[in-house]
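Have the sequence and the model side by side. The paragraphs below walk through them step by step.

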There are 2 protein chains.
Amino acid sequence: MRDNYYFIEKLRSLGLRPTKQRVRICKVLFDRNDTFHFTIYELANLLKLKSKEKISLATLYNTVHAFKKKGYLKEISINSDKSYFDTNISDHHHFFNESTNELIDLTDKDFDNIKLKKSLPGKKIKSLEILVKVANNN
Amino acid sequence: MRDNYYFIEKLRSLGLRPTKQRVRICKVLFDRNDTFHFTIYELANLLKLKSKEKISLATLYNTVHAFKKKGYLKEISINSDKSYFDTNISDHHHFFNESTNELIDLTDKDFDNIKLKKSLPGKKIKSLEILVKVANNN
DNA sequence: ACACTACTTTAGAATCATTATAAATTATAA
DNA sequence: TTATAATTTATAATGATTCTAAAGTAGTGT
Ligand SMILES: [Mn+2]
Ligand SMILES: [Mn+2]
Ligand SMILES: [Zn+2]
Ligand SMILES: [Zn+2]
């Protein structure tokens, strides 16, 4: 759906050099209709499928963290096993299926007005995340 | 405040043998007035301070996981760096101070009625956690 | 008290996600 | 084209957690 040019310009607009590795990663992550939730491991596997030209694992970590820093990806805190990332950078929450390790998006609309009444003096709120853990019945 | 006997009976009531390692761990974790949020690393350091008789790291992991399984501890999902545990097993949420890596309790009272409107067919909700990440100003 | 058994502890090794290193490569601007 | 900084890469290092298998211990029944 999106051509290389689109991602090259996107990367430039983020202040990141459009290397061929980054463009390939963008196509896997962002050239799709739906939100994509992934781990580095899953990303690595998808890239292997798409092309036989290897991208170093270090580059995957570097790139994903660069994208996160630029606000092009979000990181989701689920557990201490591994990090999950999310192409949906809007303010939203998740179902985490503990049986399959899959994430499903929720939005503010899926909750009654969530309003934090407390604040911490001298502290700035960086994020508010809701995570609903689910498991398959039996 | 609590003597060994209290924890010995508590352990028995959980179906866990009251070994001297477990009792010592209980005193560090539960013999206090306030909720205690900790990592295994912090627990290990506290135990070193209390006594020179070493408890194996494997025992700390075993014990903390056994306590969690019995509902005597909760695990808090913060990030993929390490696991956090919580002696407050009631339904509550957290401020996580990213500057100091400290957890502070919040309760339902600190939010307007949080109500999840969606459900997942065929899935059972295991938990709903809210984590508010904060950082020190500047 | 003794013996039996299942549970527990333990040191050390293994695993695995992630980060660090440092040299080679590449994108971009002069 | 050259210079510079950014990027990629293989590989090593780190660090939390889990595994292993042997030694120790608590509870039970005799
Ligand atoms: Mn876990
Ligand atoms: Mn992280
Ligand atoms: Zn999402
Ligand atoms: Zn708490």
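This is a predicted model: local features need pLDDT of at least 70, side-chain atom pairs count only at pLDDT 80 or more; totals for chains, interfaces and linings use all residues.

Residues are numbered from 1 along each chain as its sequence is written, chains are lettered from A and ligands numbered from 1 in the order in which they are written, and side-chain values use heavy atoms, with hydrogens and water left out.

Start with chain A. It holds four helices and six strands. Helices (H or I, at least four residues) and strands (E, at least two) are DSSP runs, numbered from the N terminus. In sequence order the elements of chain A read α-α-β-α-α-β-β-β-β-β. The C-alpha trace of chain A spans about 50 × 45 × 30 Å along its principal axes. Of the 138 residues in chain A, 41% are buried. Buried means under 20% relative accessible area, exposed means over 50%, and partly exposed lies in between (1.4 Å probe, protein chains only). Now take the contacts in chain A with a separation of 6 or more: 49% of them join residues 24 or more positions apart. A contact means heavy atoms within 4.5 Å.

Next, the metal sites. Which residues hold the zinc ion (ligand 3)? Its protein donors are His37(A) (NE2), Asp86(A) (OD), His92(A) (NE2), His94(A) (NE2) and Asp105(A) (OD), at 2.0 to 2.2 Å. Donors are N, O and S atoms within 2.8 Å of the metal (3.2 Å for Na, K and Ca); water is not among the atoms, so sites may look incomplete. Along the chain, the donors of ligand 3 are spaced H-x48-D-x5-H-x1-H-x10-D. One pair links distant parts of the chain: His94(A) sits in strand 4 (residues 92-97) of chain A and Asp105(A) in strand 5 (residues 102-107) of chain A, eleven residues apart. His94(A) is buried, because its relative accessible area is 2%. Asp105(A) is at 21%, so it counts as partly exposed.

Turn to chain B. With a relative accessible area of 4%, His92(B) is buried. Asp105(B) is partly exposed, at 22%.

Back to chain A for a helix pair. How do helix 2 (residues 20-30) and helix 3 (residues 40-50) of chain A cross? Their axes come within 10 Å, at roughly 110°. Axes are lines fitted to C-alpha atoms, for helices over the stretch in contact, and angles run from 0 to 180 degrees between N-to-C directions. The two helices of chain A are therefore roughly perpendicular to each other. Angles under 35 degrees count as roughly parallel, over 145 as roughly antiparallel, 65 to 115 as roughly perpendicular and the rest as oblique. Helix 2 of chain A brings Arg24(A), Ile25(A), Val28(A) and Leu29(A) to the contact; helix 3 of chain A brings Leu43(A), Leu46(A), Leu47(A) and Lys50(A). These residues divide into six nonpolar, no polar and two charged. Ala, Val, Leu, Ile, Met, Phe, Trp, Tyr, Cys and Pro count as nonpolar, Asp, Glu, Lys and Arg as charged, and the others, Gly among them, as polar.

Now the cysteines. Over all chains, the structure holds zero disulfides. A disulfide is a pair of cysteine sulfur atoms within 2.5 Å. Cys26(A) is buried, at 0% relative accessibility. Cys26(B) is also buried, at 0%. Cys26(B) lies in helix 2 (residues 20-30) of chain B. Leaving out residues up to four places away in sequence, Cys26(B) touches Phe7(B), Leu11(B), Asp31(B), Phe67(B) and Tyr72(B).

Finish at a loop. Asn101(A) is found between strand 4 and strand 5 of chain A. Its phi is near 60°, a positive value in a residue other than glycine. Asn101(A) is partly exposed, at 41% relative accessibility. In chain B, Asn101(B) lies in the loop between strand 4 and strand 5, and its phi is near 60°. Asn101(B) is partly exposed, at 40%.
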